[in-house]
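Work through the two exercises below with the sequence and the 3D structure at hand. Try each task before reading its solution.

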Amino acid sequence: MIRSMTAYASAESTGPAGSLTCELRTVNHRYLEISPRLPEDLRSFESALRERIAGRLSRGKVDVTVRLRTEQGSAEGLRVNGQVLTHLSELALDLRNRFPGMNIEFTELLRFPGVLQQPEADADALQAALLDVVDRALDALSDTRGREGSKLGEILVERLDAIEKIVGDVRGWLPEIRTALRARLETRLADVRQPTEPGRLEQELVLQITRIDVDEELDRLATHISEARRVLALKEPVGRRLDFLMQEFNREANTLGSKSVDSRTTNAAVELKVLIEQMREQVQNIE
């Protein structure tokens, strides 16, 4: 399955701990690199978050942003720190005796840090809520990467079809190229005033044909095309395999160009390099 490494997805959930939002942004990268940004209350779950993401993604730079919004104004579970309130009350009475005109409202005391306390969140429940919202964001991300990957796969198949056509064209030109090479050698030998040794033409012809023989390169290109089609159909990450195949494609195209003695094969080698480079650019973005 072809999946792009560039995508964005988000998910949100609401529970007793508040509202959780998870945003995932991924771009291409040689390996898997996870960069999480978590609120302080969730920092202890970073390891579990990394493990969950690594279980779903194999390559790409992943930016993870998690936001936690607690419910404001809810009195459920709210309690008063009696010790702090008592101490503040004693200070207020002391200050009132020293400054009779000063008026201290009870509500002002409640605003003092530490007087009102929210119940501590259940760590297990909070982690479960975090991983749940991460899973849903990963599901959405996987769908997006799959859709983008499908488009990339279509582009690669089109390029493979074009490469296959060029390979077939070059094969069809080879007999004509060899015949033209023999004619050129005959002309050159005929221009030589010194008598030539018997069989000299055949020797030179064999030598030249050996130098320009590209049957092996064409066979390897055909093999690479078949392998690329097979890899594109695999239901697993294939980016690294395709990246290696692009190197092999390029090597054969370079050899084909270096052996060329005909303008058609020279142009074919150039066109092959263009197509292979286009494929390589797309492959860089495949997981």
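The model is predicted, with local features needing pLDDT of at least 70 and side-chain atom pairs counting only at pLDDT 80 or more, while totals for chains, interfaces and linings use all residues. Residues are numbered from 1 along each chain as its sequence is written, and side-chain values use heavy atoms, without hydrogens and water.

**Exercise 1.** Find the strand order of the open sheet of four strands and describe its pairing.

*Solution.* 
1. Strands are DSSP runs of E of at least two residues, numbered from the N terminus; helices are runs of H or I of at least four. Two strands pair if DSSP finds at least two bridges between them.
2. β2 (residues 18-27) runs antiparallel to β4 (residues 60-69), with nine bridges; serine 19 has arginine 69 in β4 as its bridge partner.
3. β3 (residues 32-37) pairs with β4 in the parallel sense over six bridges. Here isoleucine 34 stands opposite valine 62, and serine 35 is bridged to aspartate 63.
4. The order is therefore β1-β2-β4-β3, with mixed pairing.
5. β1 (7-15) and β3 are the edge strands, each pairing on one side only.

**Exercise 2.** Which domains does the second largest pocket lie between, and why?

*Solution.* 
1. A pocket is an open set of points on a 1 Å grid over the protein atoms alone, where a 1.4 Å probe fits, with protein on both sides within 12 Å along at least five of seven lines; lining residues have an atom within 4 Å of a point.
2. The lining includes Met5, Arg30, Arg59, Asp243 and Gln284.
3. Domain 1 (7-73 + 122-145) and domain 3 (148-284) both contribute lining residues, so the pocket lies between them. The domain bounds come from an automatic or database assignment.
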